[in-house]
Amino acid sequence: MTRLALTVNGERHVIDVEARHTLADALRERCGKTGTNLGCEHGVCGACTVLVDGEPARACLLFAVQLEGKSIRTVEGLAQDGRLHELQRAFMEHHALQCGYCTPGFLMLAAWFIERYPQADDEQIRELVASNLCRCTGYQNIVRAIRAAADRRR
Amino acid sequence: MKVVGQSVQRLEDEPLVTGRGRFVGNLSFPGELHMRVVRSSHAHADLIAVDAAQALALPGVAAVWTFADVSEVPPIEFRPTRVQGLEPYRQTVLANQCVRYVGEPLAAVFAESSYVAEDAAELVAVDASPLPARLDARASDIEPTVLRKEYGDVGEAFRKADQVITLELSIGRHSGVPLECRGAIARQDPETQVLELYGATKRPHPNRDVIARMLRLDPARVQLFEGHIGGGFGVRGELYPEDFLVCLAALRLGRPVKWLEDRRENLLACNQSREQFHRISAAIDSAGRILGLQDEFFHDQGAYVRTHGARVADLTAGMLPSVYRVPAFRAVAHYRLTNKTPAATYRAPGRFEATFVIERVMDAIAQRLKIDRAEVRRRNLIAKSELPFTRPFQVLDTDLVLDSGDYAGLLEKAQHAFGWDALERELAGRRTSGECVGMGLALFLEKSGLGPTDLAKIGLLENGDVEVVTGAASLGQGVETVIAQICADALGVDYKRIVVVHGRTDRIHKGFGSHASRTTVMTGNAACKAAQTLRARILEWAEGQFDLPQEVLDIRNGELVRTDVDARPLATLRELAGRAKFEAEGEFFSDHMTYPYGAHLAVVAVDRDTGGVRVLRYLVAYDIGRAVNPMLVEGQILGGVAQGIGGALYEEFLYDETGQPLSVTFADYLIPTAKEVPQVEVLITEDAPSPLNPLGLKGAGEAGINAVGAAIASAIDDALGQKIFVTRLPVTPVQIKRALI
Ligand code: FES
Ligand code: FES
């Protein structure tokens, strides 16, 4: 076991992990952040997407011990002061989720994207959405929701 | 304003967008153990010995079980059915003496952490002696049953035929593959001794009864809890070996036991579906009208009969004549076992397959007689005036009566919305200039609202909200919202003030769950009745309390009002709740399913260099009778189309010649991404409300996927300019490349 400090949504968590513990398991089991879901644990589905120092990363492909000193943002950190993030609102308004299992991953991916590329067109948004898997929605409403949130931000 | 028919926002969403989902993997109980299943690595082998000594020696391992530890548990039951011959082929919860597919559970390890459980599972030594694997249902010598459906004089139809068309068609093995893998936690409440199972869904009540029966427990001491579920699609919420293992372990080891499968296990061990081989012949007259159909098919059930018994084969045979007249019909279904993962239902079970087959026949008739594809269909459609239309056989042990519809009308609307005629000319032009593009068309019949009954209990809560307790399950489809909308109108309150309870056996004594597109129809009508009764009770009570005739009393926007004096409020529901207890029940019965229908239209482009197929446009037209929430209906359809595209072009569970599965990661089992799924157009019509329920409802869950294989096949043929090129799904680039060379 190694003791390490993870910074998650601005909070410091001092946890004990084995070298082989993934970031996803550490977040879920040691930090109480179960919002990050696991769909494949081999880097394809993107359900586990979180932001590491502002960049999207697959939490199932990182070991927790790699994250010392980095800042991690998860879906629990999207809403600020009790106010939902515009993406969260857009996902609800545009019916961009059904079972909601893929949703945290898409939200984190899109949160990074609309900040980085506020001018993105539909084609680029679709390209982005193709990074992750959703088995319920057929993606169309996810694209629409991200579009709407990006527009609101502009 | 009525809220039924409005695309209101879902009640389910907020916890799911904020990371507060209660998926089973997010739950934990103090002192829990973690289960890991040791699975067969052989497709077929005699088990000589399973040695757990080394695993047991690992620190943190509490127990390791093999068949000997669970031998008193009977093989897993399937649903009651009239089909004979299935019993000997049920699966035991751990393999006994022989393993019959790669992934079959043969031992279970219980340990302090999931990591340790996995380490220990690796240490279980399995000695097995391989046997030859049966991999082709057509050649398999194990045939538990043969199903037959027949009416009319088929022999005579073929003698009279102007022409006979015969096709050999097959559908590849694929399945629901929800994004959340299966999972379960069992625990025994130390005080009440009640066994609780979390992660349950789909059919909580029937599943509770089966678990109690198989583990010899009092059903009143077994309770199932749903939480959130990351997609169902037919496969999640059926009972699997692992469900019994966690329950038994919680009872025996006296600690909560948690099991979460990983994706590889999910692709090896969760129900697979669809694999069938058809040989179909159509006797037609000179105008392309079908005089008789005869289909013989082989259904690949995999290694064991699972909870659905022979339902998929039964539905395939029963739904095959679809929306067409077909005066004489015979289907013979060979239900066969192979050494592959057991099969069961996947969204639109039997229909994805049957629609592909019958619509290929329609295209073949069109090509043979050089008639337009839509015209051939029109000539064979059951006319509006012929409805209700009875097929003289049963599906799912209910009479097949097509309740209402205007099939030709829908076809016309769909073609119009798609711009079919103009598109036909445009694509012909593009083909002349060298592009490989084409369009396709498929009609389909759905079924929904499977009975026998559903119950709903409704009551006013202290805070003035209304609670509706149902026997339904929520797999992401929006059941809370839809039921709330229905009750809101019936009662006169805002739908946001209605709390819908589902998936809990401790809150209502019976329920048949959510599957077969039944919930909106069955639970919806039950909840509506309950809400109407509640409303009547409130008004009756108010009559005495306020000394006013009922005719001038109403409930509007959550308030009791008198209507004769300018809708003056008399009391809020909260005030009423403080003065008396208001409760009601409603039950809805149905012995017939209701049959929605629709059309899929597609444009595809084939890449000559890669053999890849791109879907350029897609339209689904669907008559739902009455849409409670059009946005959610559309959502169901969009998701279904994406899955259908998977089954038509990408997804397949492949096995090598020894029965080793080749599709065990998301890099091999290809779920379509946003790049493969086009923008989909949806046309929802309400021309044919169901006469079978007061709200006129039909189901929405399976319309999006039903005809995708059929429509894409039709479009690929058109693009390639080849007659019935597509005879097998999924259509792979390799197949197409071969044809283009
Ligand atoms: S769980 Fe990390 S990519 Fe699928
Ligand atoms: S909403 Fe279910 S997987 Fe995306």
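This short talk describes the contacts between the chains and domains of the structure shown above.

Good morning. The model is a predicted one, in which local features need pLDDT of at least 70 and side-chain atom pairs count only at pLDDT 80 or more, while totals for chains, interfaces and linings use all residues. Residues are numbered from 1 along each chain as its sequence is written, chains are lettered from A and ligands numbered from 1 in the order in which they are written, and side-chain values use heavy atoms, with hydrogens and water left out.

I begin with the interface between the two chains. Chain B contributes 53 residues to the contact and chain A contributes 47 residues, where contact means heavy atoms within 4.5 Å. About 4000 Å² is buried between chain B and chain A, and carbon and sulfur atoms give 56% of it. Buried area here is the accessible area (1.4 Å probe) that two parts lose on being put together, summed over both. Val17(B), Tyr115(B) and Leu179(B) supply 20% of the area that chain B buries against chain A, more than any other three residues.

Three salt bridges are counted between chain B and chain A; the term requires a side-chain nitrogen of Lys or Arg within 4 Å of a carboxyl oxygen of Asp or Glu. Asp119(B) forms a salt bridge with Arg20(A), with the closest N and O atoms 2.8 Å apart. On the side of chain B that touches chain A, helix H16 (630–650) is one of the helices that each supply at least two residues. H16(B) gives the largest share of that side, nine residues. Helices in this talk are DSSP runs (H or I, at least four residues), strands are runs of E (at least two), and both are numbered from the N terminus.

Next, the domains of chain B. Chain B is divided into domain 1 (24–132 + 181–229 + 236–269), domain 2 (276–449 + 593–740) and domain 3 (450–589), with bounds that come from an automatic or database domain assignment. The C-alpha centres of domain 1 and domain 2 of chain B lie 36 Å apart. In this pair, 31 residues of domain 1 of chain B are in contact with 29 residues of domain 2 of chain B. How many salt bridges are counted between domain 1 of chain B and domain 2 of chain B? The count is zero.

Elsewhere in chain B, Arg36(B) forms a salt bridge with Glu118(B), the closest N and O atoms being 3.7 Å apart. This pair links distant parts of the chain, with Arg36(B) in strand S1 (residues 33–39) and Glu118(B) in helix H3, 82 residues apart.

Chain A has domain 1 (2–77) and domain 2 (86–153) in its domain assignment. Their C-alpha centres lie 21 Å apart. Between domain 1 of chain A and domain 2 of chain A, about 1200 Å² is buried. In domain 1 of chain A, Asn37(A), Thr49(A) and Val75(A) lose the most area to domain 2 of chain A, together 33% of what that side buries. One salt bridge is found across this interface.

Finally, the aromatic rings. There are 17 aromatic pairs over all chains, counted for rings of Phe, Tyr and Trp (its six-membered ring) with centres within 6.5 Å; planes under 30 degrees apart count as stacked, over 60 as edge-to-face and the rest as tilted. The rings of Tyr198(B) and Phe225(B) are stacked because their centres are 4.8 Å apart and their planes are at 15°. Thank you.
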